[in-house]
Amino acid sequence: MLTLLKLLKDGRFHSGQALGAALGISRSAVWKQLQHLEADLGLSVHKVRGKGYQLAKPLLLLDVAQICANGLCEWPVHVFDSIDSTNAEALRSIERGVQAPFLVLAERQIAGRGRRGRKWVSPFADNLYHSLVLRIDGGMRQIEGLSLVVGLAVMHALRDMGIAEAALKWPNDVLVGEKKIAGILLELVGDPADVCHVVLGVGINVNMRSTDEVDQQWTSMSLESGRDFDRNELVARLGAKLQQYLALHHEAGFAAIQSEWERFHLWQGRAVSLIAGVNRIDGVVMGIDHQGALRLKVDGVEKTFSGGELSLRLRDDS
Ligand code: ATP
């Protein structure tokens, strides 16, 4: 089915006969595959008598050569047409002994995930589903604040590509105004005090314009700018920003990034609720500390909070 898609991706008309000949199948088998393309991948195909089949809009698929042409050639890149989740594939690759660093990308995720088992909506060829695997051998300091560092790199990559309003929400969401444009999920295997691998999972909404599946306010690069983007260019830009900020973090620790992160934090000074499971703490955001923990003023006293299970929500009165 995906071979057929690659023949159609130029957005031009292709006759059923030519497609069948290229794939070594009958015209009716081509027609069946096209129906699957529409049903499974949510793509729309025009059918015109005498001309053949045409995708409603051309597709720019992920392409390792194009990513390198855009400037990111250092990391081995593994691209999947369809996968459960790029983070899950990255974890399996670590298990198999694949040497880090490497990058896993997919055109779609069947079981894309957010924090605490939540779902990340991942339609075909629209967005970026990106997991970078690093080997860490510098002890806990190399892990401190790492998800915030990734958020900052994602935000700068988006700003570089014209999404000037992209900003941060603790701990690691990237928003435009109140709307989520990117999410980050870090997963760790091994002993963080000694040698471990970390998977830096990043989902960015690129060319997605509609979905009923996301149950909170969201946006995408194309909705913000009114144009479509080449995801290969975005992968390269994001790679450059990740390299820059990971190197700074490696050399100087999170403390070197703290004040820049705070500058881009959308909710500085806002009244929020911090949710930890069934517990809720109300306070006002003071900022973050030198390890990336959230500083909240609660009943007039400053307290710090950290951990992967915490979520921030704006309070109505903020
Ligand atoms: P936090 O707990 O930090 O506020 P969150 O509730 O946004 O984060 P995450 O684990 O970061 O949770 O992401 C999963 C959530 O993001 C889902 O429950 C859904 O509401 C939302 N979501 C899922 N897919 C997308 C998407 N493609 N774009 C934007 N938001 C999405």
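Start by selecting Met161, which is buried, with a relative accessible area of 7%. Buried here means under 20% relative accessible area, exposed means over 50%, and partly exposed lies in between, with a 1.4 Å probe and protein chains only as cover. Met161 sits in the loop between helix 6 (146–160) and strand 6. Helices (H or I, at least four residues) and strands (E, at least two) are DSSP runs, numbered from the N terminus.

Now show what surrounds this residue. Leaving out residues up to four places away in sequence, Met161 touches Met221, Arg227, Phe229, Asp230, Glu233, Leu234 and Arg237. Such a contact means heavy atoms within 4.5 Å. For a sense of scale, draw a distance from Met161 to Arg49: their C-alpha atoms are separated by 40 Å, and the two residues are 112 apart along the chain.

A word on what you are viewing: this is a predicted model, in which local features need pLDDT of at least 70 and side-chain atom pairs count only at pLDDT 80 or more, while totals for chains, interfaces and linings use all residues. Residues are numbered from 1 along each chain as its sequence is written, and side-chain values use heavy atoms, with hydrogens and water left out.

**Zoom out to the whole protein**

Switch to a cartoon view. The protein has nine helices and 14 strands. Along its principal axes, the C-alpha trace spans about 75 × 45 × 35 Å. The radius of gyration is 21 Å, which agrees with the value near 20 Å that a compact globule of 318 residues would have. That radius is taken over C-alpha atoms, and the globule rule is 2.2 Å times the number of residues to the power 0.38.

How much of the protein is buried? Of the 318 residues, 49% count as buried. Among contacts between residues at least 6 apart in sequence, 63% join residues at least 24 apart.

**Select the ligand**

Next, centre the view on the ligand. Which residues are closest to the ligand? Of the 18 residues that surround it, the closest are Arg115, Lys180, Asp215, Ser311 and Arg313. A residue is counted as near if one of its heavy atoms lies within 4 Å. By class, this shell holds five nonpolar, four polar and nine charged residues. Ala, Val, Leu, Ile, Met, Phe, Trp, Tyr, Cys and Pro count as nonpolar, Asp, Glu, Lys and Arg as charged, and the others, Gly among them, as polar.

- A polar side-chain atom of Lys180 lies 2.3 Å from a ligand oxygen.
- For Arg115, a backbone N or O atom is 2.6 Å from an oxygen of the ligand.
- For Arg118, an N or O atom in the side chain is 3.1 Å from a ligand oxygen.

The protein covers 96% of the 630 Å² of accessible area that the ligand has on its own.

**Step to Ser311 and Arg116**

Select Ser311 in strand 14 (residues 310–314). Ser311 is buried, with a relative accessible area of 6%. Its side chain makes a polar contact of 2.9 Å with the side chain of Arg116. A polar contact is a pair of N or O atoms within 3.5 Å; within protein, one must be able to donate a hydrogen and the other to accept it, and residues adjacent in sequence count only if both atoms are side-chain atoms.

Arg116 is partly exposed, with a relative accessible area of 37%. Its phi is near 45°, a positive value in a residue other than glycine.

**Last stops in the loops**

Asp299 also has a positive phi, about 50°, although it is not a glycine. Find Asp299 in the loop between strand 12 (294–298) and strand 13 (301–305); at 77% relative accessibility, it counts as exposed.

Finish with two cis peptide bonds. One runs from Ala100 to Pro101, with omega near 0°, and Pro101 lies in the loop between helix 5 (86–95) and strand 4 (102–106). Another joins Trp170 to Pro171, also with omega near 0°; Pro171 is in the loop between strand 6 (166–169) and strand 7 (173–176).

How values were computed. Accessible areas come from the Shrake-Rupley method with a 1.4 Å probe; for residues, only the protein chains shown count as cover.
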